[in-house]
Amino acid sequence: MSSFSKAPQQWATFARVWYLLDGKMQPPGKLAAMASVKLQGLHKPVYHQLSDCGDHVVIMNTRHIAFSGNKWEQKVYSSHTGYPGGFKQVTAAHLHQKDPVADIPEDILKNLVEELPQPRKVPKRLDEYTHEEIEAFPRVWSPPEDYRL
């Protein structure tokens, strides 16, 4: 009989883990792809489409994201109200100047999350914290000055 136990491996497989992603100088598409994999649980060996095995994701520093090339002026978000003359277009630069934290328009997020019919309940495990909330959070450990995330 060996002393090796599979209980810690099983716990690590089924447990929900919190992932901290830093958005500073990262393209939004790459951040979204990494967050999507972690939120769905695609990185786990026990993944199944009907099982809820996703992890929690926190994205920091979304104010300092970076587009490659000239995408600040070329990336256009479009929406239509349904009425004549209700077609609206906003560039990524204009949207970032208006609210640097919310780079995805609210109507697109609402459409993706709430308005589309879902076969089952969609868990909300994506969290975003502002710099003020991060600074106000109580610290258990203060890192040294040369510590890098």
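In which strand is the place of Thr-91? Thr-91 belongs to strand S4, where strands (E, at least two residues) and helices (H or I, at least four) are DSSP runs numbered from the N terminus. The structure is a predicted model, in which local features need a pLDDT of at least 70 and side-chain atom pairs count only at pLDDT 80 or more, while totals for chains, interfaces and linings use all residues. Residues are numbered from 1 along each chain as its sequence is written, and side-chain values use heavy atoms, with hydrogens and water left out.

The predictor's confidence in each residue is expressed as pLDDT, on a scale from 0 to 100. The chain has an average pLDDT of 78, and 72% of the residues score at least 70. Confidence is highest in strand S4 (residues 87-91), with a mean of 92, and lowest in helix H5 (residues 106-115), with a mean of 54.

The chain contains 6 helices and 5 strands. Along the sequence these elements follow the pattern α-β-α-β-α-β-β-α-α-β-α. Of the 149 residues in the chain, 19% are buried; the term denotes a relative accessible area under 20%, whereas exposed denotes over 50% and partly exposed the range in between (1.4 Å probe, protein chains only). Thr-91 is partly exposed, with a relative accessible area of 24%. The C-alpha atoms of Thr-91 and Val-76 are 4.4 Å apart in space, although the two residues are 15 residues apart in sequence.

Strand S1, helix H2 and strand S2 form a right-handed β-α-β unit. A crossover is called right-handed if, with the strands pointing away from the viewer, the path from the first strand over the helix to the second runs clockwise. S1 (residues 18-22) pairs with S2 in the parallel sense over 5 bridges, pairing being assigned if DSSP finds at least two bridges between two strands. Within this pairing, Leu-21 has Ile-59 of S2 as its bridge partner, and Asp-22 stands opposite Met-60 in S2.

Strand S2 is mostly covered, with 5 of its 5 residues buried. In a regular strand, side chains alternate between the two faces of the sheet. On one side of S2 lie His-56, Val-58 and Met-60, and on the other lie Val-57 and Ile-59; both faces are covered, and these residues are all buried.

The helix of the unit, H2, has 13 residues, which should span 18 Å at 1.5 Å a residue; the end C-alpha atoms are 18 Å apart, in agreement with this value. The expected span of a helix is defined as 1.5 Å times one less than its number of residues. H2 is followed by Gly-41, whose phi is positive, near 85°.

A nonpolar core is a set of buried Ala, Val, Leu, Ile, Met, Phe, Trp, Tyr and Cys residues joined through side-chain atoms within 4.5 Å. The largest such core has 10 residues: Leu-21, Leu-31, Ala-35, Val-57, Ile-59, Ile-65, Phe-67, Tyr-77, Ala-92 and Leu-95. The elements that contribute two or more residues to this core are H2, S2 and helix H4 (92-98). In soluble globular proteins, nonpolar side chains tend to be buried together.

Side chains of opposite charge can pair when their charged atoms come close. A salt bridge is defined as a side-chain nitrogen of Lys or Arg within 4 Å of a carboxyl oxygen of Asp or Glu. A search of the whole structure finds 1 salt bridge, in which the side chains of Asp-55 and Lys-44 meet at 3.0 Å, N to O. Both residues lie in the loop between helix H2 (28-40) and strand S2 (56-60), so the pair ties together parts that are 11 residues apart in sequence. Asp-55 is buried at 0% relative accessibility, and Lys-44 is buried at 9%.

The loop between H2 and S2 also holds Pro-45, which is exposed, with a relative accessible area of 72%. Pro-45 and Phe-14 are 31 residues apart in sequence, and their C-alpha atoms are 9.5 Å apart in space.

Positive phi values also occur in residues other than glycine. Met-25 has a positive phi near 60°; Met-25 is found in the loop between S1 and H2 and is exposed at 60% relative accessibility. Asn-61, which is not a glycine, has a positive phi of about 55°. Asn-61 is placed in the loop between S2 and helix H3 (71-74) and is partly exposed, with a relative accessible area of 25%.
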